[in-house]
There are 4 protein chains.
Amino acid sequence: MPFRAKYYVYWADTDAAGIAHFTSFLRLIERAEEDFYRENGILHYHAIAPRRELFITYTSPLKRGDVAIVELWLDEARTRAIRYRFRIINETTGKNAAEGYLVFTCISNEGGELRAVSCPEELVNAWKRTLSVS
Amino acid sequence: MPFRAKYYVYWADTDAAGIAHFTSFLRLIERAEEDFYRENGILHYHAIAPRRELFITYTSPLKRGDVAIVELWLDEARTRAIRYRFRIINETTGKNAAEGYLVFTCISNEGGELRAVSCPEELVNAWKRTLSVS
Amino acid sequence: MPFRAKYYVYWADTDAAGIAHFTSFLRLIERAEEDFYRENGILHYHAIAPRRELFITYTSPLKRGDVAIVELWLDEARTRAIRYRFRIINETTGKNAAEGYLVFTCISNEGGELRAVSCPEELVNAWKRTLSVS
Amino acid sequence: MPFRAKYYVYWADTDAAGIAHFTSFLRLIERAEEDFYRENGILHYHAIAPRRELFITYTSPLKRGDVAIVELWLDEARTRAIRYRFRIINETTGKNAAEGYLVFTCISNEGGELRAVSCPEELVNAWKRTLSVS
């Protein structure tokens, strides 16, 4: 089952068009990713998971005060990277607001040097559980 | 009793010093203000309450993953403006993170023209309840 | 020739990894788009050009103080949408930092109602000039 | 003479009221502070200058496309802290947009431990020059 979190849209997320700025959608997605890790007790991995690729389509707006449901689930676990898919649903209007995917790589910063490493098993397993049926 | 809300500190709130950027504290405060209005059914007033004055002292940092408690309470209800006080407590460290006050004015945008107006009674009353003992 | 603009990376653009947050790259791209319109005297069109699709790959970091060169050029002018490509070069390190594309649609908000319209000729022509050789 | 820098106001700086969000003013001020240090060859000090106190009054709005002039000048050089004053002028409307002051402390992070230190002479001298007449 996808990881699922709900967030309000706040004033600071909006722009002069009166709706959430296109980068605010991305902050919601990263926030959900962090909450997913926190729930799994592995928040520390997020700091060593630089974003590598992002694709998103915007399908309907989010207004201040709207409730955004963010869903995340594993798309592909590679050796040194994970690709997850996301969807944002505007619960207030009942419409899909956005969907897409994000790829991050797994790095180590031990010894002060950054290098790509195999993604930690714990992290991979947490993502795999987003695909199980219960 | 002050209005009180809890928020996680997220990665997007931090800067290269590894802690929440000084403007992230202010977004937390505004977020609490919006949640306070929402709880009182008067969120719409926030859009016609431009910020006029702000004072804040920063006393200890907020790290990613820390829980920030934001407290808001009325300081002074003037005819066309409200000054409220705030405090941010880092629940994770047990330390005060920041405190200060914010003044906003009450405006009307009816007829497409902005002008200062008396603050709506409903709004003033909500703020007054932050001073009651229960 | 692509539109080309240079921007410093600031402290507020960074996160706890000590480098520009992945959403900061997108603000740089939008900033370049606005500066491109301003230079062409058509900045007003940006307010009626909602983002529809975005793809970006991140290839190397931007640090605070680095100079980012942002290049934009037309990829495809559809009737009611424009897709442009972008590249961010880190002038300080000499490396490519990111590249991708962005699709926006053209809308009208006349009469208070939003609807898709043909992209204004002036806007399309400005984008077409990013493909000319001089 | 105060340090003086000019910046455009961008779409990402605005909120649903159609004007720059109150935290955008603060990012402009910090941006000017960084440009001031860069011009003096001392940008590295900004990373060890945590914000301690901030006061700002907002007097007129900044719209997207407006030119904001930010002025900074020394108010008081204490042993371990500096207080500078700032003013933002909306060049497009000719009106003052905001003014106030900011206090930062000087710290050292040598040996991985943060502690308050005397502000570097170079930094203090740069600020003192904002008070000279030429």
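User: Before we start, what should I know about the numbering and the pLDDT cut-offs?
Analyst: Residues are numbered from 1 along each chain as its sequence is written, and chains are lettered from A in the order in which they are written. Because this is a predicted model, local features need pLDDT of at least 70 and side-chain atom pairs count only at pLDDT 80 or more, while totals for chains, interfaces and linings use all residues, and side-chain values use heavy atoms, with hydrogens and water left out.

User: OK, how many disulfides are there over all chains?
Analyst: The count over all chains is four disulfides, a disulfide being a pair of cysteine sulfur atoms within 2.5 Å.

User: Which cysteine does C106(A) pair with?
Analyst: C106(A) is joined to C119(A), with 2.0 Å between the sulfur atoms, and the link is right-handed, with 95° about the S-S bond.

User: Are C106(A) and C119(A) buried or exposed?
Analyst: C106(A) and C119(A) are both buried, where buried means under 20% relative accessible area, exposed means over 50%, and partly exposed lies in between (1.4 Å probe, protein chains only).

User: And in chain B, what is C106(B) joined to?
Analyst: In chain B a disulfide joins C106(B) to C119(B), S to S 2.0 Å, and since the torsion about the S-S bond is about 95°, this disulfide is right-handed. C106(B) counts as buried at 2% relative accessibility, and C119(B) is buried with a relative accessible area of 10%.

User: What about C106(C)?
Analyst: C106(C) is joined to C119(C) by a disulfide, S to S 2.0 Å, and the torsion of about 95° makes that disulfide right-handed. C106(C) is buried at a relative accessible area of 2%, and C119(C) is buried at 10%.

User: Switching topic, how many residues are in the contact between chain C and chain A?
Analyst: Chain C and chain A each bring 17 residues to the contact, contact meaning heavy atoms within 4.5 Å. The area buried between chain C and chain A is about 1,600 Å², with 64% given by carbon and sulfur atoms; buried area is the accessible area (1.4 Å probe) that two parts lose on being put together, summed over both.

User: Which three residues of chain C supply more of that area than any other three?
Analyst: They are F22(C), L54(C) and Y58(C), which supply 32% of the area that chain C buries against chain A.

User: How many salt bridges and polar contacts are there between chain C and chain A?
Analyst: There are zero salt bridges between chain C and chain A, a salt bridge being a side-chain nitrogen of Lys or Arg within 4 Å of a carboxyl oxygen of Asp or Glu. Between chain C and chain A, six residue pairs are in polar contact (both at pLDDT 80 or more), that is, a pair of N or O atoms within 3.5 Å, where within protein one must be able to donate a hydrogen and the other to accept it, and residues adjacent in sequence count only if both atoms are side-chain atoms.

User: Which element gives the most to the side of chain C that touches chain A?
Analyst: β2(C) gives the most, with eight residues.

Terms used: Helix = DSSP H or I, 4+ residues; strand = E, 2+ residues; numbered from the N terminus.
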